[in-house]
Every structure is written in structure tokens, then in C-alpha cells.
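Open the model in your viewer and keep the selection tool handy. We will go from one stop to the next, with a short note on what to look for at each.

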Amino acid sequence: LVAILSALLIKEDSNAGYDSRDSGATVEVTWLRILAAPDVLLSSVTMSVAGLAWVWYGASLEPFLFDTYGFSASSTGLVFMTVGITYTIFNPIFWAFMDRGMNGLTVQVLGAVITFVGFCLLGPLPVLQGLLGSHAWITVLAIGIQGIGFAAIYLGSLMHMLKGAQEARMPDNDQVNTCLI
């Protein structure tokens with residue numbers, strides 16, 4: 001929401017023009033034009049939702065871990081690091097998949113499914129509670145699975161946005177790429 005409001009309120013330089021990708025003609029690059037490119041807005045929303053997903057349980061996870069499993073503050077910090085660790089490990093793996101032909105949208109959807117599975121295990125869902133029980137390792141595993149999903153969503157979104165800008169014949173320059181990254 002903040003990104004969309006910023007895009008609408010940012011005053012553009014009227015002299016800003018860049019060569020287009022194909023014709024060499026000067027094309028004005030604006031935030032609104034970038035957001036209007038195919039797949040850029042969709043990927044922006046996907047990335048925003050993924051960014052907010054792990055914050056959803058952030059405030060309640062520490063008391064839950066303390067009350068349920070007796071975790072100390074430092075142990076809870078290690079649990080929170082699980083997202084970053086699995087993200088860091090799996091980001092190059094998803095990059096390799098994309099190098100071998102998997103497209104950004106497919107990686108985003110795969111990431112969303114993986115993140116959903118992580119959320120189902122986090123509680124776990126009442127249906128899974130009877131099957132799995134309530135164990136600390138399940139909570140840590142669930143958070144790690146979410147990190148894997150976030151790696152796929154973020155990388156897939158980035159590549160999908162770059163493809164959308166290319167299909168919209170946006171110039172291949174630092175201004176466009178910086179706006180997307």
C-alpha cells in the first residue's frame with residue numbers, strides 16, 4: 001500500500017527520457033509506467049504479502065515458545081533465525097531451478113504453497129495436532145519451511161518483474177532495474 005501511494009505521489013522529472021529497448025526512441029520511465037507493466041504489479045503484491053506473512057506471528061511466537069516449551073529469549077532468537085538461514089540456503093537452489101528454465105511465476109506459486117505448508121504446521125492445524133502432537137521441533141521446522149517458501153517467492157517475484165518490464169519494452173537500464181529491485 002505504501003509503495004502504491006508513493007508511486008502515485010512521487011513527482012516525476014519531465015525531462016527524464018531513456019532509449020527504449022528496441023527502437024531507440026526516447027521513452028519516459030515513471031513509477032506508474034513500471035507498475036503498469038505486465039506482471040510487475042502482481043509480483044509486487046505477492047512480495048508484499050510474503051514480507052508481511054512472517055511478521056503476522058512475530059509478536060506472539062516468543063510468548064508461545066516460552067509458555068509452551070520454556071524457551072529462553074536466546075533460544076527464541078535462534079528460532080527466529082531459522083527463517084533467514086533457510087532463506088539463505090535455498091535462494092541459490094531456486095536460482096538454479098530458474099537457470100534451468102523454471103519461470104518466475106511458477107517459482108512464486110511454488111513458494112506460496114511451501115509457505116502455506118509452513119503455516120499449517122506452525123500451529124499446527126487442529127487436524128494435524130492429533131497426528132503430529134505439539135513439539136518444539138515442529139514449530140522450528142514450520143518456520144524453516146516458511147523461509148524456503150519466502151526464498152522462492154522473493155526470487156520468483158524479482159525475475160517475474162524483470163520479465164514484465166522487458167515485455168513492456170521498458171529500457172534495460174539502471175533506473176528501471178533499480179525500481180524493480
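In which helix is Q146 found? Select helix α8, residues 136-167, and you will have Q146 in it. (Helices are DSSP runs of H or I with at least four residues, strands are runs of E with at least two, and both are numbered from the N terminus.)

Before going on, a word on what you are looking at: this is a predicted model, where local features need pLDDT of at least 70, side-chain atom pairs count only at pLDDT 80 or more, and totals for chains, interfaces and linings use all residues. Residues are numbered from 1 along each chain as its sequence is written, and side-chain values use heavy atoms, leaving out hydrogens and water.

**Stop one: Q146**

Is Q146 buried or exposed? Q146 has a relative accessible area of 0%, so it is buried (buried is under 20%, exposed over 50%, partly exposed in between, with a 1.4 Å probe and protein chains only). Now show its surroundings: leaving aside residues up to four places away in sequence, Q146 touches Y57, T115, G118, F119 and L122 (contact means heavy atoms within 4.5 Å). At G118, pick the backbone oxygen, which lies 3.5 Å from a polar atom of the Q146 side chain.

**Stop two: the charged residues**

Stay on helix α8 and select K163 and E167, which are four residues apart, about one turn of the helix. Their side chains form a salt bridge, 3.1 Å from N to O (a side-chain nitrogen of Lys or Arg within 4 Å of a carboxyl oxygen of Asp or Glu). D39 sits in the loop between α2 (31-36) and α3 (40-56), so its pairing with K163 ties together parts 124 residues apart in sequence.

Colour by accessibility and you will find D39 partly exposed at 24%, K163 at 31% and E167 at 45%. The whole structure has two salt bridges, and shared partners join D39, K163 and E167 into one network.

**Stop three: α5 against α8**

Finally, show helix α5 (residues 73-99) with α8: their axes come within 7 Å and cross at roughly 40 degrees (axes are lines fitted to C-alpha atoms over the stretch in contact, with angles from 0 to 180 degrees between N-to-C directions). The two helices are therefore oblique to each other. For the contact, select residues including F90 and W95 of α5 and F150 and Y154 of α8.

Key:
Polar contact = N/O pair within 3.5 Å; in protein donor to acceptor, adjacent residues only side chain to side chain. Parallel < 35°, antiparallel > 145°, perpendicular 65-115°, else oblique.
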